[in-house]
Amino acid sequence: MERGAGRGTAGGGGVRGAVGTVRFLAAGLALLCAAAAGCGVMDDAKPPQDAVRVTPRDGARNVSTNARVRVSVPEGRLRSVRMQPKGKDAGRPVAGRFSADRRSWRPLPRRAAGSAGQRYEKPLQLATTYVVDVVAVDGEGDRVIRHATFSTRTPPHRFVGYFRPEHNQTVGTAMIVSLEFSRSVTDRAAVERAIGVTASPQVPVAAHWFGRSRLDYRPRTFWRPGTRVTLDLRLRDVRGAPGVYGTQRKKVRFTVGRDQRSVVDVGRRTLTVVRGGRTVERLRITAGTKKNPTYNGHMVISEKFPETRMNGETVGFGGEYDIKDVPHAMRLTRSGTFLHGNYWAPKRIFGEKNTSHGCIGLADKRGGDEKSPAGRFFRASLVGDLVTVRGSGDRTVRPDNGLGGWNMSWESWLAGSALR
């Protein structure tokens, strides 16, 4: 059973399911749940319906570059649409245009690289995962959001690696470089030789394979603040499997920011934030129940969402909850564990009782309050920050569930290289 309310796709991730038009009956009906993603059940017995429609559908793969891309609302209007390649040309959203009534949005053709004239190409590129984030207002004037991803096709007999972190990103000291390959790799040694991860100041960095399609890199201990890291992909024409060759030749550079490590004590229901070796804050939390406990062990923030939807149907909890506007959400595992804001639980719950389906909840307000415990922690956190959970009745999180490689000894990590 997966936890939380959102599952990521390879190389990026996102919350599954369309945004529902869930209405609140009353504050007293809010169930305290939070789980690997969210917490709370607000159910008016009406099935959720799409308030925001994204084409291609969320999670679609092998999408043609000629595919029709469209974001629309059957009622209401679109406030903002951001469509951006994941792991490729990071920081450059796809240009688009709203209709006159702001009921729909389409991407614009892109200027051809190196073109001196007005020559344009299709907005979609091959072998690319796109992330679409939408904020809209529905027919009743309520704010709704949608997060979706889709991937375009990789040419036959070719493979690419979708990577994290992004180019020029500033990350926490626990960041693990992770690549997801678009095809199964059988010649892992050849692929590993064609990838380099180097650091300045220099430290040993080692590779570890999780199956045939994921390759992670980490140093022996956490990165030092200020370290500059380079991921060098030299995969073009490298044989990854019989008849399958790489396409990429790219360098990705990122910087390690300040050192922040947080510890969740499930028994005491506290979150202690340590920055630069000094405790800077201790926050009250609610974690997973005995029936749905929070994972123990080291986890790393891999994604941050100012607001996202969490739907229990996507992670094995059926209709137990469907919360369309969970604020200040930070993904900790691929299976759906989040650390996020919770506005539906009574404030007396935090620090007193564990009520979630596995997530870690901090007090917040609907719409997200920057001054709330959740808002302060969200604002102070980076992708790549470490969150360690202790005192839970659950097992230690698997090393491949999110960026969980810090749960392995250095010797075990080294044993996962194809070159040893």
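**A close look at the sheet**

A: The protein chain averages a pLDDT of 85, and 82% of the residues score at least 70; pLDDT is the predictor's confidence in each residue, from 0 to 100. This is a predicted model, in which local features need pLDDT of at least 70 and side-chain atom pairs count only at pLDDT 80 or more, while totals for chains, interfaces and linings use all residues. Residues are numbered from 1 along each chain as its sequence is written, and side-chain values use heavy atoms, with hydrogens and water left out.

Let's go to the sheet itself. Nine strands make up an open sheet with mixed pairing, in the order β25-β30-β22-β23-β24-β29-β28-β27-β26. Strands (E, at least two residues) and helices (H or I, at least four residues) are DSSP runs, numbered from the N terminus, and two strands pair if DSSP finds at least two bridges between them. At the edges stand β25 (297-300) and β26 (303-311); each has a single partner strand, so one side of each is left without a neighbour in the sheet. On average, neighbouring strands are turned by 35 degrees against each other, direction ignored. Axes are lines fitted to C-alpha atoms (for helices over the stretch in contact), with angles running from 0 to 180 degrees between N-to-C directions.

Strand β22 (residues 260-265) runs parallel to strand β30 (residues 386-390), and five bridges link the two. Within this pairing, V263 stands opposite T388 of β30. Helix α2 (residues 373-380) packs on the sheet and touches β22, β23 (270-275), β24 (278-286), β26, β27 (322-331), β28 (338-342) and β29 (360-363), where contact means heavy atoms within 4.5 Å. The direction of α2 makes about 45 degrees with that of β27.

H328 sits in β27 and has a positive phi of about 50 degrees, although H328 is not a glycine. With 7% relative accessibility, H328 counts as buried; buried means under 20% relative accessible area, exposed over 50% and partly exposed in between, using a 1.4 Å probe and protein chains only.

Next, follow the chain out of β24. T294 belongs to the loop between β24 and β25, and at 0% relative accessibility T294 is counted as buried. A polar atom of the T294 side chain lies 2.9 Å from the backbone nitrogen of G288. The backbone oxygen of G358 likewise lies 2.9 Å from a polar atom of the T294 side chain. For reference, a polar contact is a pair of N or O atoms within 3.5 Å; within protein, one must be able to donate a hydrogen and the other to accept it, and residues adjacent in sequence count only if both atoms are side-chain atoms.

Finally, a friendly word on where to be careful. Over residues 1-49, pLDDT stays under 50, and for this stretch the model has 202 contacts beyond four places in sequence. Residues 112-117 also keep a pLDDT under 50, with six contacts beyond four places in sequence in the model.
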